[in-house]
Amino acid sequence: MATVSVLQMNSGATWAENKAKVEALFAQLPAARPQLVLLPEAFSCFGAGEANIRQHAEPLGQGPVQEYLSALAKQHNVWVLAGTLPILSGTRYAAASLLFNAQGAQCARYDKLHLFDAAVADNTKQYRESRYTQPGSQVRVVDTPFGRLGMAICYDVRFPELFRQLRTEGAELISLPSAFTKVTGKAHWDILIRARAIENQVYMLAPNQWGEHADGRETWGHSMIVDPWGVVVAQQSSGEGIASATLDMKALEAVRANMPVLAHNRFEVRFIHE
Ligand SMILES: O=C(O)CNC(=O)[C@H](CS)NC(=O)CCC(=O)C(=O)O
């Protein structure tokens, strides 16, 4: 049975400082070695505006952030889910989640489908992710040695159809790297994640940003791993840190066999491309 770890970060503006944070967290991985480690959304550069994102954006397969993660995966012999980093996409950037295997090869990419354009009663007030982000156009599921992984990001959690589609395509685990705000996180974070886990009978792996960031924006933390019955099996409430859990695929199969919601479903989900 595989162990997975989600890393909670307080990412700053620059890769130099965030790289040091990633390194420090990897040095604290549990003795029961995880096979998969997940980083939060915007782990490499966060909360310092569009010019800063542009400076950190990399072409797919090139650049210091991807090179570092590839080496890190290999060095620690773990799969690494690189929450999101800005990947050049035309004249803009995709908020891309990249998966590296334990040999350091980049083997899956998912671009955030739903962009966070919303008003929130916090000190940022207006979020306009679509101003600088190129949305994805594909749903992504990938086989790993520890289960079939569906990929999602942050605000996507509010769109249950995506998660039903991932389950329909065989997902057993779903990654949800996030930078969920403090205000919306307090109201909705655990409920949304647990609901997606329960209704789709999957493990939800949700590393989040925590604390105050360069532009004063605040994120909620509470990074968590939720099992297919909806139980929060690991959580890092506040501060930087690591939450780890062992995946029990027999228990997942039992939940599905006892209550076959996928077979009972009377609705069909269709992904609408742009
Ligand atoms: O833009 C960046 O640098 C990194 N990306 C983010 O911080 C994104 C877009 S602004 N945040 C979210 O999606 C929060 C969603 C959320 O909090 C909710 O759904 O309530």
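Helices (H or I, at least four residues) and strands (E, at least two) are DSSP runs, numbered from the N terminus. The model is predicted: local features need pLDDT of at least 70, side-chain atom pairs count only at pLDDT 80 or more, and totals for chains, interfaces and linings use all residues. Residues are numbered from 1 along each chain as its sequence is written.

Just after helix H4, Gly170 takes a positive phi of about 100°. H4 itself spans residues 160-168. Its buried residues (20 or more other C-beta atoms within 10 Å of their own, C-beta atoms being placed from the backbone) are Leu162, Phe163, Arg164, Leu166 and Arg167. Their cover includes strands E8 (141-144), E9 (147-151) and E10 (173-175). Helices H5 (182-200) and H7 (261-264) are also among the covering elements.

Helices H1 (residues 15-27) and H3 (residues 64-76) pack at an angle of about 10°, with their axes 12 Å apart. Axes are lines fitted to C-alpha atoms, for helices over the stretch in contact, and angles run from 0 to 180 degrees between N-to-C directions. H1 is therefore roughly parallel to H3 (angles under 35 degrees). H1 contributes Trp15, Lys19 and Phe26 to the contact. H3 contributes Pro64, Val65, Tyr68, Leu72 and His76. Contact requires C-beta atoms, placed from the backbone, within 7 Å.

Around the ligand lie 13 residues, of which Ala42, Phe116, Tyr155, Ala179 and Thr184 come nearest. A residue is near if its C-beta atom, placed from the backbone, lies within 6 Å.

Notes
A residue is buried if 20 or more other C-beta atoms lie within 10 Å of its own, exposed if 12 or fewer, and partly exposed in between; C-beta atoms are placed from the backbone. Two residues are in contact if their C-beta atoms, placed from the backbone, lie within 7 Å. Angles under 35 degrees count as roughly parallel, over 145 as roughly antiparallel, 65 to 115 as roughly perpendicular and the rest as oblique.
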